Amino acid sequence: MNNFENGKCKIAVSEAMGRYLVAAKSLKQGDLLLCEQPVIIGPYWGSGLCCLTCYKRSCKICHKCDVAPLCLDCSAHDDFECNFLAMSNLPKNFLIDNFDVITPLRFIMLSKNPSKVDCYNQVMKMESHCAERRGKSIWSLHADCVIKPLTDVKMIREGDADLIQRYCGILDVNTFEVRTDSFEDIPIRGLYPKAALLSHDCVSNTFIALDASRSIRVYSGGDIAEGDPIWNNYTHALSGTEVRRQHLMEGKYFHCKCKRCLDPTELGTHLSSIKCNGCERGLTMFDEMQNVWRCNFCEKTQDVDALMTLARSEILDEEVSSVPMLEQLIVKYSKLLNPNHYLVVDMKQKLTAIFRNICDYEVAPQPKILQRKISLCEEIIPILRVIQPGISRLKGIALYEYFTSMYELTILNVNDKSISIKEGVEQLLTAEKYAKESLKMLLYEPQSTPEGHLAKKAMLKLKSIRENITLFQKL
Ligand SMILES: [Zn+2]
Ligand SMILES: [Zn+2]
Ligand SMILES: [Zn+2]
Ligand SMILES: [Zn+2]
């Protein structure tokens, strides 16, 4: 599979990056690069018992194999799996008592399925990072909770332990989170051999959508030149460099050296910078070469650990959930850290979400709330434009919040005559511009997802904005 069926990308190999994808020709924003079904799918570690077909909470056992957990709505699961389990003579409670074996067990079933030999060979080419995992807690966890129970019931032999560890490593390193359509939100993951070839960069140039049928679709986020690598961001885009690198090291076993990670300003966004305690003007940033935090103005070095520990404990506290508490901490840490610091941005996002709920349930939201929502979006969107320059889910949602608030506030202001009709038309034209930009991104979302629903709402709002513009222009 060196060339992909639609000819848009191909596999390249280098010593530093291993196997990775590059553009086989010049690509336009929004081009569909690949679409694939998972070869293995299953719950994450610690998900708790769920139905093997739809991943809702389970409440019965498959009557055919007598071991597979199912829900009220499902009467069967995969045929091969059912027969395999039926022939394995497992104790009836085996999967209930050891549910964490299920995803690795599906890997074992793939290896035993004669019609899936090619698939199995393909996934065995994937990185498992066994060398880094051996001897760590993750290794013993899998030894105790996967290998031991499977050996006890003679599903595997003792000599298979290393192979099963490799399966577990491949799953942990390469799977994508998959959305389920259930309300219970049981986290599940899927192994997609082609999509797993996307290498990482903290500024990705792709957009990934997963739909209810669990297929993955990868689009180019912006224009990509022929031969350029195709990147996916494996970590949370809005967190700071230290957090992203730690997450990547723990889950993917590498130290990220992308342009964003190597730039102490994080491409000018200052998501990790901290206000200097020695001068009024400077920002303190991490100097990786010298391993110190240094002010970009007075050059004073500073130990930021105590401040960051305090900030994390105060900001990430679950009790911090009300508007006044968030507003107060935003003021405090905009001064101590900086208004763009990722912990402050995180609070701004939480606050926006609270205001969204208020606006959704109130017939006429207060102008004060709409105004605050607009200013929060104006602070968040420029950061997203830098770290997610192309098609982006976060940006699509933030732009949605922005234009809808702008639209609602304009209507209120025109009605109470605090702005003129001419000003109203101008503001609605601006809202229309952002609505179009938001829709451009949300339209890539599968219809069944929450963002897909948001796209529908955005279209209706855009229609009413246009109707109001026409109406006001006639007045
Ligand atoms: Zn089910
Ligand atoms: Zn069954
Ligand atoms: Zn990076
Ligand atoms: Zn300074």
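User: What makes the largest nonpolar core a core, and which residues have the most contacts inside it?

Analyst: In this predicted model, the largest nonpolar core holds 101 residues, and Ala 68, Ile 230, Phe 403 and Ala 431 have the most contacts inside it. These count as a core because each member is a buried residue of a nonpolar type, joined to others through C-beta atoms within 7 Å. The largest share, nine residues, is supplied by helix 14 (residues 393-415).

User: How do you know what Ala 431 touches?

Analyst: A contact requires C-beta atoms within 7 Å. Leaving out residues up to four places away in sequence, Ala 431 touches Phe 403, Met 406, Tyr 407, Thr 410 and Ile 465.

User: Which domains is the protein divided into, and how far apart are the centres of domain 1 and domain 3?

Analyst: The division gives domain 1 (1-37 + 192-234), domain 2 (41-187) and domain 3 (362-474). Over C-alpha atoms, the centres of domain 1 and domain 3 are separated by 31 Å. Their contact involves 11 residues from domain 1 and 10 residues from domain 3. On the domain 1 side, five of the residues are nonpolar, five polar and one charged.

User: Why does the radius of gyration agree with a compact globule?

Analyst: With 475 residues, a compact globule would come out near 23 Å, and the protein has 25 Å, so the two agree. The C-alpha atoms fill a box of roughly 75 × 55 × 50 Å along the principal axes.

User: What share of the residues is called buried?

Analyst: Buried means 20 or more other C-beta atoms within 10 Å of a residue's own, and 35% of the 475 residues are buried.

How values were computed. Residues numbered from 1 in each chain as written. Chains lettered and ligands numbered in written order. Predicted model: local features only at pLDDT ≥ 70, side-chain atom pairs only at ≥ 80, totals over all residues. Buried ≥ 20, exposed ≤ 12 C-beta atoms within 10 Å, placed from the backbone. Helix = DSSP H or I, 4+ residues; strand = E, 2+ residues; numbered from the N terminus. Contact = placed C-beta atoms within 7 Å. Domains from an automatic or database assignment. Nonpolar A, V, L, I, M, F, W, Y, C, P; charged D, E, K, R; others polar. Rg over C-alpha atoms; globule rule 2.2 N^0.38 Å.
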